[in-house]
Amino acid sequence: MVILATKFSRQSKSRQLKLNQLTKKSLRGSFIILAASTLFACNQADIKADTNADSSAADTNSAQTQVSLNNTSTDNLENTNQSATISAKAQHSDLLKNVSATVYKDVNCGCCKDWIEHAQNHGLTATSQHPKDLSLFKDRYGVPTEMRSCHTAVTTDGYVFEGHVPAKYVAQFLANPPAQAIGLAVPGMPVGSPGMEYQGQFAPYQIMQINKDGTNQVYADIESAEQQL
């Protein structure tokens, strides 16, 4: 009986040992599966994050490209407008080739300088003077108060051109001066007249003929910028 009991005990311990080994293997397999699942899930998250990052980067690049294209279009439009303005200012001709004039203006008048440049591009020989009181010279040369502008050009022949008169009309007047006239005037400073160019804008204006008796009359109606050329 003792021998049988001992043998049964040994068999029970052997079965228990095998059971423990099987349990350990099962747990080890579960841990491996769990670890693999966790690693897969992390990889999927990383892949998704990378995909989102790539998508975000692509969207950012697309937006930057669109902004760049828009800026390029704006720059091209601005360059086109600037080129047109420069081209208009740079036009040369011999309309006033044999004409000399003294221009009375304020020393700081920018549009006066631009008008002189316009006239010189058409052949005028100009000398500038900067008197402290321009009105004295306008009085001297018979420019009516309502006809006055920022500068007064007086040719060597004594004809007066007040304000932003286009070179085209200065030449036209000098080619055949009306007997009763002393010159032409553009009262005020109309936007778009020679020397008053601004962002392609233009306001129609009149060129007035100044007569010796102090009266004035319309010499030309300027309806477009092209008409000045």
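Select Y159, F161, F173 and Y219: ring pairs link these residues into a cluster. Rings of Phe, Tyr and Trp (for Trp, its six-membered ring) pair if their centres lie within 6.5 Å; planes under 30 degrees apart are stacked, over 60 edge-to-face, and the rest tilted. This is a predicted model, in which local features need pLDDT of at least 70 and side-chain atom pairs count only at pLDDT 80 or more, while totals for chains, interfaces and linings use all residues. Residues are numbered from 1 along each chain as its sequence is written, and side-chain values use heavy atoms, with hydrogens and water left out.

**Stop 1: the aromatic pairs**

The structure holds six aromatic pairs. Helices (H or I, at least four residues) and strands (E, at least two) are DSSP runs, numbered from the N terminus.

Buried means under 20% relative accessible area, exposed over 50%, and partly exposed in between (1.4 Å probe, protein chains only).

Now pick F202 and Y205. This pair is tilted, with 6.1 Å between centres and 55° between the planes. F202 is partly exposed at 25%, whereas Y205 is buried at 7%.

**Stop 2: the nonpolar cores**

Next, show the largest nonpolar core, which has 23 residues. A nonpolar core is a set of buried Ala, Val, Leu, Ile, Met, Phe, Trp, Tyr and Cys residues joined through side-chain atoms within 4.5 Å. Select L96, W115, L124, V165, Y169, L184 and I207, which touch the most other members. Colour β1 (100–104), α2 (110–121), α4 (167–175), β5 (181–186), β6 (205–211) and β7 (216–222): each supplies at least two residues of this core. Helix α4 gives the most, with five residues.

Which residues surround L184? Leaving aside neighbours within four places in sequence, L184 is in contact (heavy atoms within 4.5 Å) with V160, F161, E162, V165, Y169, F173, I207, M208, Q209, I210 and Y219. A second, separate core has 11 residues, including I182, A185, M208 and I210.

**Stop 3**

Move to strand β3 (residues 152–155). T152 and V154 point one way, A153 and T155 the other, and all are buried. Two strands pair if DSSP finds at least two bridges between them.

Follow β3 to β1 first. The two strands pair in the antiparallel sense over four bridges. Select Y104 to find one of them: its bridge partner in β3 is T152.

Then turn to β4. Three bridges join β3 to β4, and these strands run antiparallel. Here A153 has F161 of β4 as its bridge partner. In the hairpin of β3 and β4, four residues lie between the strands. Click G158 there: this residue takes a positive phi near 90°.

**Stop 3: the salt bridges**

How many salt bridges are there? The count comes to two. A salt bridge is a side-chain nitrogen of Lys or Arg within 4 Å of a carboxyl oxygen of Asp or Glu.

Select K138 and E162. Their side chains meet in a salt bridge, 2.6 Å from N to O. K138 lies in helix α3 (residues 134–140) and E162 in strand β4 (residues 160–163), so the pair ties together parts that are 24 residues apart in sequence. K138 is buried at 5%. E162 is buried at 0%.

Now take D139, which forms a salt bridge with R148; the closest N and O atoms are 2.4 Å apart. D139 is partly exposed, at 48% relative accessibility.

**Stop 4: a histidine in α2**

Select H118 in helix α2. H118 counts as buried, at 16% relative accessibility. Apart from neighbours within four places in sequence, H118 is in contact with P166, A167 and P194.

**Last stop: the whole chain**

Zoom out and colour by secondary structure. The protein has four helices and seven strands. Along the sequence, the pattern reads α-β-α-β-α-β-β-α-β-β-β. Of the 229 residues, 28% count as buried. Among contacts with a separation of 6 or more, 57% come from residues 24 or more positions apart.
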